[in-house]
Amino acid sequence: GMPASTSTTLSSQRGDWRRRARAARAGAEPAAATTPAAALAAGDVVPTVPACAASPLCVHERGPSREWWGDDRSLEARLPQLLKEGRAEVARTLLLSKAEPAHGVTLFYLGVCAGILEGEAAAVEPYEASIAAMPGLGIAYGNLVRAYLARQRTGDLERALVLAKTLASSQPEAAEPQYVVGVVLMQLRRFSDAAGAYEATLRLDAAHHGAHVNGVHCLQQLPPDDEVARRRLEAVARGGVAAGLWANWMQRPPHLVKRLTSRPWWDKGEFAWCALLEEQYPQIRDEVLRLRRKPASFTPVGGRAAHDHTLVAAGEWREYPLFGNGQKYAENCARCPVTAGTMERVSAAIGLAMAGGGETLFSTLRPGTHLRPHCGSTNTRLTAHLGIVIPPGCSIRAGNEWREWREGEVLVFDDSWEHEVRHRGGEDRVVLLINFWHPELAEHERRIELDTWGYQPI
C-alpha cells in the first residue's frame, strides 16, 4: 500500500485540474498518444451513463508526447484493477504521485475516482479538464454527462444535452448514446422529445428495457387527450411485449415477475382483512372526519415521493400517511388509533410499508381532479381502497374497466396495470389507500427488487 502521507484529497486538487486544462490547451501541438485500451474499453470498470467504451471521436485523439503513466507503465493495468476492486483511494494516490498530471487519461481517471469517492457531481471538473486536454477521449464525454446530471446546477442539463447529442451523432448505429439523449431530455422535462430519443433507441435495440420503460413514462406525461401520444405509447408498450419484457401492453411496470397471477381487478373476498376494514368503517370514517376539520393535516402528494405529483393531470391530490417509506408515522397514527390498529393486523400491508415498497394512507381528491393513466412500479404488490367519503361522479379505471367506489366497501386492483382516476363530483373524495404484497409471494420473496434492468427514474 501507499504511505498515508501521499494521499491527497479531491478538494485540494480542484484548482490543479483547471491549471492542467489551461496548460494542455496552451502547449505546443502534441504528438498523437496511444489510448490505453484496457482502461478505456472496460465498461465494468468505468461508471458511465451508460457505459460508453468506444467512440469514433477517438480517431481524432491528440495528447501530450509522454504516455499518461509517466515512468511507470504498470499503471495501465493496475488502475483498472484497483477500480474493479473498489480501491479508488489507492488508485487516486497513484495517479497523483506517478501519472502525468496534465494528460487527458490521467485526468479522466481522476474523474472516475472522484465519482466513486465523492459522488458523480464531484467528477465534473476532472472530466472537463480531461476533454480539454484530449478532445478525442470519447468515453470522458459520456461520464461527463453523468456528472452534469448528478450536479444539477443551472445550465448543467443543457451542457449534458449538448454532449449527449454529440456522442449520439458520432455513433448513429449505437443504441446507448440515443438512450442517454433521452435520459437528459427527460430530466429537462421535454417529454415528447425524450420519448423520440427512446423510440430511436428502440429502433436500434428493440429489447432495450430502459427505453421501453422511460419511453412510456414520458408519453404518459403528455396531455391525456393527445391521441398521437397515446398511439406512440401503445406502440412502445407493444414493442415491449414483443421483446418479452411484458405480457400485456397495458401492464408495463419497470419490474415484472411473470409467474404471478395477473389481472386488473381482484375479488376482495380473497383477502379476509378486507372484511375487517369494512367492519371498522364507521370508526375509521369518524377519525377521517375529525382529521379533515384541520385541512392542513393533509399534504400535497409529491412531498414524500416526488414522482407522484406528475400523475396529477388536473386538480389536487392530498394525502395523510400512516405507514410507508420504511416507517410508521407515529404522530399521524396516534390521531386515528382505530385505523392504525386495524392496519397493524394486516401483515401483508405493514410488511410492504416497512420494506419501503408501498404505503397505507388516506387519499383525498378535490373535485375536478384527474389522475392521468399510468402503471405502478411492480406487480409484486396489489392495492386496496376503502371508500370513506365518496360523492357521486368519482370513478377509477384499471385495465379497460371503470368502477366506482362505495362508502364502506373495499376495491382491490393491481396498480401495475394501467389505471386512472376521474373526479367529476362536487365535494372531496376520500379513500384509505393500502398497498400490500401479492398473495403468491412467499415470505422469503417479500423484498424490494432494486434491479430494474436499466430503468432511469425521472
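Two strands pair if DSSP finds at least two bridges between them. Helices (H or I, at least four residues) and strands (E, at least two) are DSSP runs, numbered from the N terminus. This is a predicted model, in which local features need pLDDT of at least 70, side-chain atom pairs count only at pLDDT 80 or more, and totals for chains, interfaces and linings use all residues. Residues are numbered from 1 along each chain as its sequence is written, and side-chain values use heavy atoms, with hydrogens and water left out.

**Stop 1: strand S13**

Select residues 429–437. This is strand S13, and 9 of its 9 residues are buried. Buried means under 20% relative accessible area, exposed means over 50%, and partly exposed lies in between (1.4 Å probe, protein chains only).

S6 and S13 pair in the antiparallel sense over 6 bridges. Show Thr360 and you will find Ile434 of S13 opposite.

**Stop 2: helices H8 and H9**

Select 156–170 for H8 and 175–187 for H9. Two packed helices are described by the angle between their axes and the distance between the axes. The axes of H8 and H9 come within 8 Å and cross at roughly 160°. H8 is therefore roughly antiparallel to H9. Axes are lines fitted to C-alpha atoms, for helices over the stretch in contact, and angles run from 0 to 180 degrees between N-to-C directions. Angles under 35 degrees count as roughly parallel, over 145 as roughly antiparallel, 65 to 115 as roughly perpendicular and the rest as oblique.

H8 passes H9 in a left-handed crossing: the near helix is turned anticlockwise from the far one by less than a right angle, whereas clockwise would be right-handed.

Show side chains next. The H8 residues in contact (heavy atoms within 4.5 Å) include Leu157, Leu161 and Ala164. Among their H9 counterparts are Val180, Val184 and Leu185.

**Stop 3: salt bridges**

Side chains of opposite charge can pair when their charged atoms come close. A salt bridge here is a side-chain nitrogen of Lys or Arg within 4 Å of a carboxyl oxygen of Asp or Glu. By this rule the count comes to 27.

Pick Arg92 and Glu118. Their closest N and O atoms are 3.1 Å apart. Arg92 lies in helix H4 (residues 88–98) and Glu118 in helix H5 (residues 104–118), so the pair ties together parts 26 residues apart in sequence. Arg92 is buried at 3% relative accessibility, while Glu118 is partly exposed at 41%.

Go to Arg252 and Glu418. Their salt bridge has its closest N and O atoms 2.5 Å apart. Arg252 sits in the loop between H12 (227–242) and S1 (265–266), Glu418 in the loop between S11 (410–413) and S12 (419–423), 166 residues apart. Both residues are buried.

Then show Arg403 and Glu401, which meet in a salt bridge at 2.9 Å, N to O. Arg403 is partly exposed at 29%, and Glu401 is partly exposed at 36%. Elsewhere, salt bridges that share partners join Arg230, Arg252, Arg397, Glu418, Glu420 and Arg422 into one network.

**Stop 4: Arg230**

Finish on Arg230, in helix H12. Arg230 is partly exposed, at 29% relative accessibility. Leaving out residues up to four places away in sequence, Arg230 touches Trp249, Met250, Arg252, Pro373 and Glu418.
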